[in-house]
Amino acid sequence: MTDRGDEPRPNGNGVAEHPPADGQAPDRDRAESPHPESTGTEGSDLGEAVREVEAAAHEHRPPAGPLANALTAGAVVVLGVAAVLGSWSLGVGSASTPGPGTWPLLVSLALVVLGVALLAGARRASDAERFSRSSWLVLAGIATMVGFVAVIEVVGFEIPAALLCFVWLRFLGRESWRTSVLTSLGVVVAFYAVFVAALAVPIPHLF
């Protein structure tokens with residue numbers, strides 16, 4: 001008796017199709033199945049394209065020069081020293097009972113060290129860019145940080161911290177409204193849970 005399974009069968013268009021052999025996928029499935037190696041290739045191509053765009057964006061920006069590097073490093077040192085003095089006025093406390101100025105003091109000291117390191121390498125630095133329009137974003141970020149420090153003693157840290165995160169994310173980082181709002185609220189809640197509720201650090205707060 002002849003096995004009719006190997007005979008060609010007409011498809012919907014009237015064209016005869018041969019059934020697939022044992023263990024072999026139909027031609028249609030093979031044609032529609034994605035190639036696993038294509039995903040990795042596309043990902044690498046996308047990464048290379050992003051790097052090329054970034055390189056082209058930085059190619060036409062003139063370097064800052066030693067004087068601008070030194071001025072920038074000096075500004076960082078001055079800002080760090082001012083932050084150290086402000087943190088000290090909040091009360092540093094001790095290692096066992098940290099005060100509200102403990103963590104700001106540590107960050108301020110790190111800022112001073114960073115500024116000194118930048119000042120030491122101002123002549124050799126070649127990757128800094130000349131002051132341009134985008135540099136105003138840095139000054140805006142510094143201004144918002146100064147405002148945060150100025151009002152935290154008066155109204156607590158919750159509202160200033162939320163506004164600071166929102167401004168940085170939405171207007172400086174160009175994030176979406178939803179991401180900026182949710183992230184800002186999440187940062188404040190996490191900071192409150194860790195430093196106020198869990199560690200009982202005497203940070204000025206409203207609740």
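Start by selecting residues 136–169: the chain here is 94% helix and 0% strand, and the end C-alpha atoms are 16 Å apart. Helices (H or I, at least four residues) and strands (E, at least two) are DSSP runs, numbered from the N terminus. What you are viewing is a predicted model, in which local features need pLDDT of at least 70, side-chain atom pairs count only at pLDDT 80 or more, and totals for chains, interfaces and linings use all residues. Residues are numbered from 1 along each chain as its sequence is written, and side-chain values use heavy atoms, with hydrogens and water left out.

Next, select residues 103–124. This stretch is 82% helix and 0% strand, with its end C-alpha atoms 32 Å apart. Both stretches come from the UniProt annotation "transmembrane region" (unreviewed entry), which covers residues 70–91, 103–124, 136–169 and 181–201. Such annotations may be inferred rather than shown by experiment.

Now zoom out for a moment. The protein has 7 helices and 2 strands, and from the N terminus on they run β-β-α-α-α-α-α-α-α. Of its 207 residues, 20% count as buried (under 20% relative accessible area, with exposed over 50% and partly exposed in between; 1.4 Å probe, protein chains only).

Colour helix H6 (residues 158–172) and helix H7 (residues 177–198) next. They pack at an angle of about 145 degrees, with their axes 8 Å apart; axes are lines fitted to C-alpha atoms, for helices over the stretch in contact, and angles run from 0 to 180 degrees between N-to-C directions. Show side chains where they meet: among the residues in contact are Ala-161, Phe-166 and Leu-169 in H6, and Trp-177, Val-188 and Tyr-192 in H7. Contact means heavy atoms within 4.5 Å.

Stay here and select the largest nonpolar core, 11 residues in all, including Phe-148, Ile-152, Ala-161, Val-188 and Phe-195. A nonpolar core is a set of buried Ala, Val, Leu, Ile, Met, Phe, Trp, Tyr and Cys residues joined through side-chain atoms within 4.5 Å. The elements giving two or more residues to this core are helix H5 (135–155), H6 and H7. Centre on Phe-195: not counting residues up to four places away in sequence, Phe-195 touches Trp-103, Ala-200, Val-201 and Ile-203.

For the last stop, pick Gly-121, in the loop between helix H4 (102–120) and H5. Is Gly-121 buried or exposed? Gly-121 is buried, with a relative accessible area of 17%.
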